[in-house]
Structure formats: structure tokens, C-alpha cells
Amino acid sequence: MQESLPMTLFNSRNSIHRSPLGAVADGTRVHFKITLPRNMQCSASYLLVQHPDNRIECLDMFWCGMNGNDYEWWECHFTPQKTGLYFYHFELRTSRGRSVLKKDLGGEARAGAREDWQLTVYDGAYKTPDWLAGGILYQIFPDRFASSGKAKENVPADRTLHENWLDQPDWKPNAQGIVTNSDFFGGDLKGIEEKLDYLASLGVTCIYLNPIFESHSNHRYDTANYEKIDPLLGDEEDFRSLCAAAKERNIHVLLDGVFSHTGSDSIYFNREGRYGDSGAYRSQSSPYYPWYSFRSWPNDYECWWNFITLPNVREENPAYDNYINGEDGIIRHWLEAGASGWRLDVADELPDGFIDRLNRAAKAQDENAMVLGEVWEDASNKTAYGVRRRYLLGGQLDSVMNYPVSRCNPRVSAR
């Protein structure tokens, strides 16, 4: 005879035990319900909640009936009034003494477990756009998706263009031992537009474009000019045409915003001298000089993960912040041109205040604009640079790229 499995005492992913499930708006009444073996002879049960200010609240749970012949139910309600993260567990008084129930695998309760459950409470007044929910997001690396064959104008002479679409990229170091990423295959915005019917046939509802602004590498995460489409991809007219054609097919276009750093080869920094005598590297009188942090000008500066081609920007610098988030800034301009939102590269390296203002700029231009963040860890409780982030509490990110789900243990996620 097969031995019966023990009853689940509490599971945060089961609406019988916790309702409503998931994150809740501030002021929401949350119902908690645990079931305990009758032979424990529980005389008292408590829900202990740690508030965002670290204050601990102890709530009495009430006996509310039998769960079959061998188990009984205890329940209570808790109403969080403020946004933030709340952590909770259960404590019992039984015939065997004090017992503590904490989170085990799959959100289930176990005596002896060490982790509290988390209750995420967001600003109920904040509204996220609903057009991405239930849809299909299709990521496109623009240089390699499709080429229209349209003649390219104003392309820098130092770029290598492959004649054969099936060539292997130049991934090896050059004679100087440097991987330049300066070879291109010529994919462009018109090529993407020509493939929209194909994408629509797949059920795609949103295209996420890797960076499309002027840059001098094929990945384009080293922005040279946020105001211009890279000439190999086309121009602003091409972008507007793509967005309009996509909209006709109920497809949104999401842009990749790289705002924690620029390229060293850019109008803003200009280490390579491509842009004449301007730029922070060329002159301390440059209007862009305060955007960067020089330890010793010009060659010793803060850069992204120590890549000298990617100088970090000071996002809280008023001039830079206004350039990106201002009324006539980059965020609003490209939304007006037809984009439906922004995916923020390395969002955890952007200060909270900058993300706040970026969100406000996007929503001011279009209340249904999407602000999506690249966050590699659990975005609901991530700590970055010593600060607990508030991405999902309202006013910052509408959603994140959920990388942790790709690392889930199937056995755990199935529970």
C-alpha cells in the first residue's frame, strides 16, 4: 500500500493558504491560512511580519475548523498600508513547545527552514501598460536580422562590410591584439519592416530591438550619438516608417536604452578624435566633461566593467539627466517617433532617482509607454551597491527581463 504524503502546512503559491497571490497593492487585505496536524495540540498560532522599516508585528491567528480528521485550520488577515517589502513566518505554541514555520522549496512551509516568505507591496495608484501581457516579444539584433538592400549613406570608412551574409563574424583579435567588433553584415530597419508580415504570422506582439543609435561597433552598446539612427540601419524616417507599419499589425517596438555609459568613440567623449576637437576627452571645457568621472584627465576615467571603450556617465549630473529625461530629451523624442517603450540596459547600475525621472518622462509622453529593466537577479528584492532597489514598487520599472526563470530547477518550479 502506498504511503500517503504529509499535508502541506502552508504554500505561498496556493490561494487556499494566501490570497491574493503575488504582489499586492498597498491597502490590500491579505488572508493567511495554515493547516496543522491535530496531534501537535497547537494552542496558539501567530503570523510574524517584518515591515519595511524593520518593525516586527505579531498577529494572532484563529482556529477556524477541521481539515479532515487529522488536521485543523488557523487563519488571520494582514493589511499592509505602505509600499515596500514585508517578510513573514509563523510561530506555534504546541504540546512539544515552540515551533517555527519558514519557507522551504517551492514556497512550502517547513519547521527548521531558515528563510522568511516575502510579500511585495506596490503603489496601487501606479498603472503598468497591459499591451505586453500575454503577448510574444521577439528580440532582434539589427545588423543580422534582415537587409533591405537599400543603399547606405554616410557610413564611416573604417567599418568592414561583409559581402556574404553567411560569413563568420570577425571574432578574433587583430594584429594589435584587439577585438574591434567593427565588421558588419548590413541588416537595417527597412529589412525589419519587410519582415513584419512574417513576424505577425508568428504571433509577435512586440519587437525588442538591440541598440539602433549611431555606434561604431556591431553590437552598438557603445553609443556614439543618441540623437541619430546608425547610418547602416537607416535614418529617423526609416524608424518612423517601421513603427507605423508595425502598429498597423498591432506590433509594438521597444528600444534598447544604454544610459549607464557611452562609447569612448562618441560625440560626448571622443577619445578617438572622430568628432573633431569636441568631447570630454578632448577638452575640459566641453559641455560633456561634467558627464564623466575622471580620476586624472584625460586617460584615467571610470568605465563600465573596466572596458576603456565604455566610459561611465554620471547619471545624476543635471545636464545629462535633462538630456535623457528632459521635456525635449532622448526618452520622449523616440517615443514621439513611434517607439512604444524602452528596455533599460543594466538597470541595476542606474540610480533610483534617474530611473524615477526616466519613468516620468516616458509616461508624460505616452501613458502606455513600457519601461522594461535588465535585472539579472530577483528584481523584487535586489540589493545593488548597498541599496535595496524599488524597481517594482511603482514609478520605476513596469516589468523586468526575468533571467532567474531560466535557471529554475524544474522539480522546484513544478511544486
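These questions and answers concern cysteines and strand pairing in a predicted model.

Colleague: How many disulfides does the count come to?

Modeller: A disulfide needs two cysteine sulfur atoms within 2.5 Å. For Cys 58, the closest cysteine sulfur is that of Cys 76, at 9.4 Å, which is too far for a bond. By this rule the count comes to zero.

Colleague: Is Cys 303 buried or exposed?

Modeller: Buried means under 20% relative accessible area. Cys 303 has a relative accessible area of 14%, so Cys 303 is buried.

Colleague: Which strands stand at the edges of the open sheet?

Modeller: Six strands form the open sheet, with parallel pairing, in the order 11-14-17-20-21-24.

Colleague: In strand 21, which residue is the bridge partner of Arg 343?

Modeller: Strand 20 covers residues 341–344 and pairs with strand 21, residues 370–373, in the parallel sense over four bridges. The partner of Arg 343 in strand 21 is Leu 372.

Colleague: How many residues lie between strand 7 and strand 8 in their hairpin?

Modeller: Strand 7 (residues 84–94) and strand 8 (residues 97–103) run antiparallel and are joined by five bridges. Thr 94 has Gly 97 as its bridge partner in strand 8. The number of residues between the two strands of this hairpin is two.

Colleague: Which residue in the turn between strand 8 and strand 9 has a positive phi?

Modeller: Strand 8 pairs with strand 9 (residues 109–111) in the antiparallel sense over three bridges, and Lys 103 stands opposite Ala 109. Five residues lie between these strands in the hairpin. The residue with a positive phi, about 70 degrees, is Gly 106.

Notes. Residues numbered from 1 in each chain as written. Predicted model: local features only at pLDDT ≥ 70, side-chain atom pairs only at ≥ 80, totals over all residues. Heavy atoms only, no water. Buried < 20%, exposed > 50% of the residue type's maximum accessible area, 1.4 Å probe, protein only. Pairing = 2+ DSSP bridges.
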